[in-house]
Amino acid sequence: MKRFAVIGLGNFGFHAAKALFEDGNEVAAIDTDKARVQAVDPYATEAIVMDATDKEALKSLGMEEMDAVIVSTGTRISNSILICLYLQEIGVRKILAKAIDDDHGKILKRVGATQIIHPERDMALRVSRGLCRPNVLDFIPLSDEYDLVQVGPPREFIGKSLRDLNLRAKYNVHIIAIKELVPENFILVPPPGFLIKDSDILIMLGKSEDISRIKALK
């Protein structure tokens, strides 16, 4: 079991705390708004009404022992900056901070945030990728050039082995895992002789342009 704190319980913070708690983790949910704290109480180990810009109050909660702290204080830019600074000074190892724009993100990084979250931008990218790449079920952008994606196999892949397809040579992509749906199974680094079925999900790593070539196959 891991321990997390979520500071700021707007829509993003509320759902982050709820998801972490429902995954079996200990979660401290913090906000200055009593109604928000009461709303999250069923989905948190501790639901606390507190001003997180109070450094001593943060210290009293043992933040340095948390596996990660999420800072999601909405449009209150100065508050998020102060909170990230204090968390870094307290010794929190992992600080994920929600930013409203690039400049805000840069400042949060400078004062201690280890990861910047742009929820609207990330969701917009996910939705647009889903629209223009209908056979891509999910993706993780690794850089401007590379993606890690889950794709349903094109028709011409079905019934062929990974050795026969030779995707690394033909498309410069790597199949790093396969999710079998019938029966349910997960194969990490599948063997060359694995035969692709129409019910399989291919987890593929490669350049965006190369994955797009596979996506174009019917």
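When neighbours within four places in sequence are left aside, His-104 is in contact (heavy atoms within 4.5 Å) with Ile-77, Ser-80, Lys-98 and Ala-99. The model is predicted, and local features need pLDDT of at least 70, side-chain atom pairs count only at pLDDT 80 or more, and totals for chains, interfaces and linings use all residues. Residues are numbered from 1 along each chain as its sequence is written, and side-chain values use heavy atoms, with hydrogens and water left out.

His-104 belongs to helix H5, where helices (H or I, at least four residues) and strands (E, at least two) are DSSP runs numbered from the N terminus. With a relative accessible area of 2%, His-104 is buried; the term stands for under 20% relative accessible area, against over 50% for exposed and the range in between for partly exposed, with a 1.4 Å probe and protein chains only. In H5, which spans residues 102-110, the buried residues are His-104, Gly-105 and Leu-108. These residues cover an arc of only 100° around the axis, taken from the directions from the helix axis to the C-beta atoms, and therefore lie on the same side of H5. Asp-103, Lys-106 and Arg-110, by contrast, are exposed on the other side of H5. The cover over the buried residues of H5 includes helix H4 (77-90), strand E5 (95-98) and strand E6 (115-117).

At its start, the backbone nitrogen of Asp-103 has a side-chain oxygen of Asp-101 within 3.3 Å, whereas H5 is followed by Gly-112, a residue with a positive phi, near 130°.

The pairing of H4 with H5 was examined next. The two helices pack at an angle of about 20°, and their axes are 9 Å apart, where axes are lines fitted to C-alpha atoms, for helices over the stretch in contact, and angles run from 0 to 180 degrees between N-to-C directions. H4 and H5 are therefore roughly parallel to each other, a label given to angles under 35 degrees, with over 145 counted as roughly antiparallel, 65 to 115 as roughly perpendicular and the rest as oblique. Ile-77, Ser-80, Ile-81 and Cys-84 of H4 meet His-104, Ile-107 and Leu-108 of H5.

Within H4 lies Ser-80, which counts as buried because its relative accessibility is 1%. The side chains of Ser-80 and His-104 are joined by a polar contact of 2.8 Å, a term for a pair of N or O atoms within 3.5 Å in which, within protein, one must be able to donate a hydrogen and the other to accept it, residues adjacent in sequence counting only if both atoms are side-chain atoms. A polar atom of the Ser-80 side chain also lies 2.8 Å from the backbone oxygen of Ile-77. Apart from neighbours within four places in sequence, Ser-80 is in contact with Val-71, Thr-73, His-104 and Leu-108.

Lys-170 and Asp-210, although 40 residues apart in sequence, are 9.5 Å apart in space from C-alpha to C-alpha. In helix H9 (residues 208-215), Ser-208, Asp-210, Ile-211 and Ile-214 are the buried residues. Viewed down the axis of H9, these buried residues fall within an arc of 160°, so they line one face of the helix. Strand E8 (146-151), H8, strand E9 (173-181) and strand E11 (200-207) are among the elements that cover them.
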